[in-house]
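Here are my notes for a colleague who is opening this structure for the first time. Please keep the sequence and the model in view while going through the points.

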Amino acid sequence: MIQKKRSLRRGVAVVGAGMSYFGMYKDRDCRDHFAEAFATMRASVDKGFDPDDIDALYVGNFTNDFFVGQAHWGPILADLLGLGPKPATRTEGACASSALAFREGVFAIASGFYDMVLVGGVEQMSRCATEEVAEGLALATFPEEGAAGFTFPGVFGAVAAAYFEKYGASREDLMNITIKSHTNAPLNPKAQFKASIADIMAAKVAKAQKLGKPVPQWADEKAFLSDPAANPVVAWPMHLFDCCPISDGASCVLLVGEELARTFTDTPLYVAGIGQGSGGGLTGKADLTYFEATRQAAAEAYGMAGMTPKDVQFAEVHDCFSIAELVHVEDLGFFKPGQGFKAIGEGRTRLEGDMPINTSGGLKCKGHPVGATGTSQICEVWEQLRGTAGKRQIPNPNLRIGATHNLGGTGGTCTMTILERR
């Protein structure tokens, strides 16, 4: 199949971005989270803006219908912000829901129909028990997968087993990803988990000492992650620390026509490339070590941007499980198939590496309120490219191009977005 070169008839810019604190909040609801994200986004617009100028709202939400028993979140959030009677649209693509909202917002601006749109996502998951959350998320599997009893840990356990068999990787290679994620997350004030693996180890030692129990003797982080008592199996070879948490939260970004961007900020980000692909889940796949939808989305985004993977300087990728990050960095072309785990082991994806991945801590540690994840990744690229990421700022004075990758379901919906600071 020949990949067509896509283009927008009008350039689109991001002029503001913000997210709520991610975590588990029994005393807050989706409106609280989205109001916080909106306020943070509004404060990030350097020259300010009038919310009355927002033409429309696009909001991603996967399944609050199940998690909190309430649907129809577009008008609910528009009413919260006083945007009505302007149009509000909810998008759903499993964990890629707000990435689809972003895509629709880009198209609305590029068409010339709107000049300014608010795009975001929200999810509230913590009011459900873990078993209920697993059941709700499993609604994003293909029917045959659900009928076979697959939940997402099982899906990505199967992906990991296939990758290990094909390329010779091991659990130790996944540990490198986990350790890196837990190293980045404490540098992110909005992250759900703000402890490194070393910090967690020290806390467990201190607790054992306080209770007068035997003190664990772990030589290093990998020894801790190899201890089944500290890091139990969830779905082999996925262990507890390979998995993202249950999360609540929201995120949003403000999009305007390219020619209007500097009215709002001197450092806007421009949409260089955007792509989406669809996949058939696991049932029809002969090879579980890649996602065809990600490869399609990447090809479309690179084609539109006129770029190659070598042009992207850092990325936020969908690491719902540690193996997912490994597979995605290969599917996006940052490393060749079967070489990603070696590059990760060499430290190339760390904050100081030549291809930083998930500087935010990723879904694994930043948190994964599924409807909010896509636009929260945009928020991290916004911070990094504008040089406002604080202690987790990538140490590259010429940082100019960043990307996000979002996956929904078992690979049924995948997106890639490339943003550029000019």
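1. Two strands are taken to pair if DSSP finds at least two bridges between them, and the helices (H or I, at least four residues) and strands (E, at least two) are DSSP runs numbered from the N terminus. On that basis there is an open sheet of nine strands with mixed pairing, in the order β3-β2-β4-β7-β1-β8-β11-β10-β9. Its edge strands are β3 (88-91) and β9, each of which pairs on one side only. Neighbouring strands of this sheet are turned against each other by 25° on average, direction ignored.

2. This is a predicted model, in which local features need pLDDT of at least 70 and side-chain atom pairs count only at pLDDT 80 or more, while totals for chains, interfaces and linings use all residues. Residues are numbered from 1 along each chain as its sequence is written, and side-chain values use heavy atoms, with hydrogens and water left out. The mean pLDDT (the predictor's confidence in each residue, from 0 to 100) of the protein chain is 96, and 99% of its residues reach 70 or more. Among the elements, the lowest mean, 88, belongs to helix α6 (residues 143-147), and the highest, 99, to strand β9 (residues 314-316).

3. Strand β8 (residues 269-278) is largely enclosed by the rest of the structure, because eight of its 10 residues are buried (under 20% relative accessible area, with a 1.4 Å probe and protein chains only). β8 runs antiparallel to strand β1 (residues 12-19), to which two bridges join it, and Val14 stands opposite Leu269. With strand β11 (residues 413-420), β8 pairs over eight bridges, again in the antiparallel sense, and there Glu420 is the bridge partner of Tyr270.

4. Strand β2 (residues 56-60) and strand β4 (residues 116-124) run parallel and are joined by five bridges, with Gly120 of β4 as the bridge partner of Val59. Helix α4 (residues 97-110) packs on the sheet, with β2, β4 and β8 among the strands in contact (heavy atoms within 4.5 Å), and its direction makes about 170° with that of β4.

5. Helix α7 (residues 152-167) and helix α12 (residues 322-331) pack with their axes (lines fitted to C-alpha atoms, for helices over the stretch in contact) 9 Å apart and at an angle of about 60°. Residues of α7 that include Phe156 and Tyr163 meet residues of α12 that include Ile323 and Leu326.

Terms used
Buried < 20%, exposed > 50% of the residue type's maximum accessible area, 1.4 Å probe, protein only. Axes fitted to C-alpha atoms, helices over the stretch in contact; angles between N-to-C directions.
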